[in-house]
Structures are given as C-alpha cells and as structure tokens.
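Open the model in your viewer and keep the sequence panel beside it. The tour below goes from one selection to the next and says what is there.

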Amino acid sequence: MPQAASSEVAAAVADAHRREWAFVLAATVRVAGDIDTAEEAVQDAYASALSTWGPRGIPKNPGAWLTVAARRRALDMHRRAATAQRTLPKLLTPEESLDDEPGRDSEDISDDRLRLIFTCCHPALALDAQVALTLRLLCGLSTGEVARAFLLPEATMAARITRAKKKIAAAHIPYRVPKASELRERLDGVLAVVYLVYTTGHTAPSGADLMRRDLAERGLELARMLRVLLPADRDVAGLLALLMLTDARREARLDEHRDLVLMENQDRSKWDRQAIDEGVALLREALAARPPGRFAVMAAIAAVHDESESWSDTDWQEILGLYDVLMETWPSPVIQLNRAIAVGFAVGPAEGLAELDALGAEPQLARYPYLAAARADFLTRLGRLGEARVAFEEALILTDNDAERRYLRTRLNELAG
C-alpha cells in the first residue's frame, strides 16, 4: 500500500475512533454477552480496518462498517468457544434479538448508548467506578486519560476499571435502560459521567489541541438525550444548563494562531448568545429545586460569567458565594481550588494566594497543573516575579496539553522580558 494511502487510512481509522467508538461498542455489547468480549471485538474491528480499508477503499460509513465487523467478530468468538447459548443471555433483555440489523438508525444508536451508560452506572458499583468505566468504554479514553481526569495514578485506575467490569459480569447486570422506578438511583452516576465526558473534551488532558471536540459534543448530545428521557428532572436541566453555558464560549478560547485565550482576554462578541439564553432558561428551571443540585449551582457560576459585559464587570462576590454553597454540600479539592481563585478576584490576589498555598498539602492536587498556574498568576499580579516564574515552570512540567503548554511558555517569556 502506498505511503500516502496508508496515512489516509490511518487518519480515517483515528477519526472513526474519536467519532464512532461509543456507537460501535454500544451496538456490539448487545450481541457479545459481556463487556470484555465486546471491547476485544471492537478493538479487532479497528485493527482490521487498518489493513482492509487500504485495498478496498475507506467505506462511506465507517461506523456502520466497524459495527458489522465488531458484531461478527463477537459472534465468532462465541462460536469458537462453543459457549454462545450459555453466555449470550447475560446482558440481553428479553425483547432484544441477535437478529437485529446493526444499522445506523439514529434512534437505535442513541438507545444503545443509553443502555451502555446505565449498565456502567448500576448502583452495585461505586460511583467513581461507574464514572471511570463509562469514560473508558463509552468514550474510548485510554486508562491514562481516565486516570488524569480523576487525578489518580494510572495503575490505580486500571485496577478500578478491571474490578468494575468483573462485577458487572459476575452480577449479570442487565444491558438496558432501567425502568422509571429505577432511574433515580442511577441518575447521579449518569450525570457525573456525562459531565466528565464533556469536561475531558472541553480541555483535553493531553495532545496537540486544546479541545477534543468529539468528546465535548458527545457530552452535550448525551445531556440532551437525558433531557428527552427525563424532561421534568431538575438535575438533568442543571447539567444541560452548565454544559451549554460553558460551551457558549468555545469559539473565543483560541486566537487565530490556535493559541489559548483566557476568559479575561476573550472577545465576548464570539460567545454564542443563543446558547447562553437557552442555558439561562434551563438554569431558572433547575434552580427551582430545593435545595438546588450541584450542577445547577455550577451553572449559576457559569451564567455570572456569561452575562457579564466584560471581565471587570464580573460579580466575583456572587461567584464566591456560589462556591461557598458548593463547598458546604459537594466539597472537593478542585472546588476548593476554584473557590480560592474566586477569593483572589473578589478580595485580592494576596488573599487568593494564601488560600491556594493552603491547598499545597492536598494529595489530589499534587500533580494538578492548574494549582501551580493559579499561584503563578497571583504572584505575577503581586509583583513577585521570581516566584511566579518558578510556579509557571512547575505548571509547565505538569501540563500535557500542547495549547496550554504554549500559553505557559508565553507567560514565562513575558516574565523573562
């Protein structure tokens, strides 16, 4: 195969992995009988594509080709093991059939992905295991990427994902969207999954681009699907509001050179006002719950930013108050960090820096680059430039995203100048 064709095929397979992994895996689980078999079959299908698409040409619908190949591979694995009749019923509900056509009807695809999310988010699993497993399976993230999203070592996350998959198999957890009476107990995990899918796409843990747009778009799509499934649920409304209000700023986050632009310096005319209006309407609905859920409070913080005419007009006292609410009811090291930043802008950089320094002993933030970057920013504002350089260098060491690394280098060069 010519080198140009090989490169074209490799690019097509990589693009199909980003865009189609969730569709293909969710459809394959329906016939595989267990998650490990489905995952292996899908990986084989992608490997087959690398060798097949060159001579035969890249298919018009890569996702459909991969789905058919993965499902056939899964069935073949069962036939060769002579265990199909005993293992296939594990994850299938009575109304499902192995004779289903693996087509790409949009309603079937959406339903398959919801089945996969709710399977992974079964209450028999710990919440963090639910989120980690779904990021790995639904989004095709590597174990290392999932570990970075949780601020955990990769080996710890690998063991957690393996245990979760074994528990699903051992408990014969069904592969289906739960009944209405079962939805509430699973919803917290599902909302956390969708949120992490979006945030992992909003700022990619590593790679050349600031965003993984496929993941961000998938997170928004899943949130909209949940909204259709549960139109009266205030927590679902709060999550969708948060994602819309955050995503509304997408086009202003990079300049013409694809370099990072912080919110302080963004061209707000590029913000999507229609998305902001829709997000604010959803937020009003979500805040009607008493007490409001954590996604609604986070959406309220995003709304304060989105509705401010400029950075200087931002009501930091209101933002600080909202972070205080989050700390009372949903505390976490990252919320503490964001609250400390809000203190720096609401009260003063010295006070914000003191709050950040108090977090230095927090184990989960030990390798979190945004703590070092926030310290560097406040040190710069205080004129402590030598210390700021050290903090920027620390953030640079901890950052794997190329766009963020370019930004940090620029700040270091400015301080050197």
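**First stop: E285**

Select E285, which is partly exposed because its relative accessible area is 27%. Throughout this tour, buried means under 20% relative accessible area, exposed means over 50%, and partly exposed is in between (1.4 Å probe, protein chains only). This is a predicted model, in which local features need pLDDT of at least 70 and side-chain atom pairs count only at pLDDT 80 or more, while totals for chains, interfaces and linings use all residues. Residues are numbered from 1 along each chain as its sequence is written, and side-chain values use heavy atoms, with hydrogens and water left out.

E285 lies in helix α12, residues 273-286. Helices (H or I, at least four residues) and strands (E, at least two) are DSSP runs, numbered from the N terminus. Now show the surroundings of E285: leaving aside neighbours within four places in sequence, E285 is in contact with R227, P231, R234 and A237. Contact means heavy atoms within 4.5 Å.

Which side chain makes a polar contact with the side chain of E285? It is that of R227, at 2.9 Å. A polar contact is a pair of N or O atoms within 3.5 Å; within protein, one must be able to donate a hydrogen and the other to accept it, and residues adjacent in sequence count only if both atoms are side-chain atoms.

**Second stop: D214**

Go to D214, in helix α10 (residues 213-229). Is D214 buried or exposed? D214 counts as buried, because its relative accessibility is 13%. Leaving aside neighbours within four places in sequence, D214 is in contact with R18 and R19.

Select residues 294-306, helix α13, which has 13 residues. From its first C-alpha to its last, α13 reaches 18 Å, close to the 18 Å expected at 1.5 Å a residue. The expected span of a helix is 1.5 Å times one less than its number of residues. α13 is mostly covered, with twelve of its 13 residues buried. Among them are F295, M298, I301, H305 and D306. To see what covers α13, display α9 (180-202), α11 (234-247), α12 and α14, against which its buried residues pack.

Next select helix α6, residues 127-138. Its twelve residues should span 16 Å at 1.5 Å a residue, and its end C-alpha atoms are 16 Å apart, which agrees. Ten of the twelve residues of α6 are buried, so α6 is largely enclosed by the rest of the structure. The buried residues include Q130, T134 and R136, along with L137 and L138. After α6 comes G140, whose phi is positive, near 70°.

Show the aromatic side chains; the structure holds eight aromatic pairs. Rings of Phe, Tyr and Trp (its six-membered ring) pair if their centres lie within 6.5 Å; planes under 30 degrees apart count as stacked, over 60 as edge-to-face and the rest as tilted.

Begin with W53 and W65, an edge-to-face pair with 5.4 Å centre to centre and 80° between the planes. This pair links distant parts of the chain: W53 is in helix α2 (residues 35-56) and W65 in helix α3 (residues 62-81), twelve residues apart. W53 counts as buried at 2% relative accessibility, whereas W65 counts as partly exposed at 24%.

Move on to W316 and F345, which are stacked, with 4.8 Å centre to centre and 25° between the planes. W316 lies in helix α14 (residues 316-329) and F345 in helix α15 (residues 333-346), so the pair ties together parts that are 29 residues apart in sequence. W316 is buried, with a relative accessible area of 12%, and F345 counts as partly exposed at 23%.

**Last stop: the whole chain**

Zoom out. The C-alpha atoms of the chain fill a box of roughly 70 × 55 × 40 Å, taken along the principal axes. The chain has 19 helices and two strands. Of its 417 residues, 52% are buried. Among contacts with a separation of 6 or more, 66% are between residues 24 or more positions apart.
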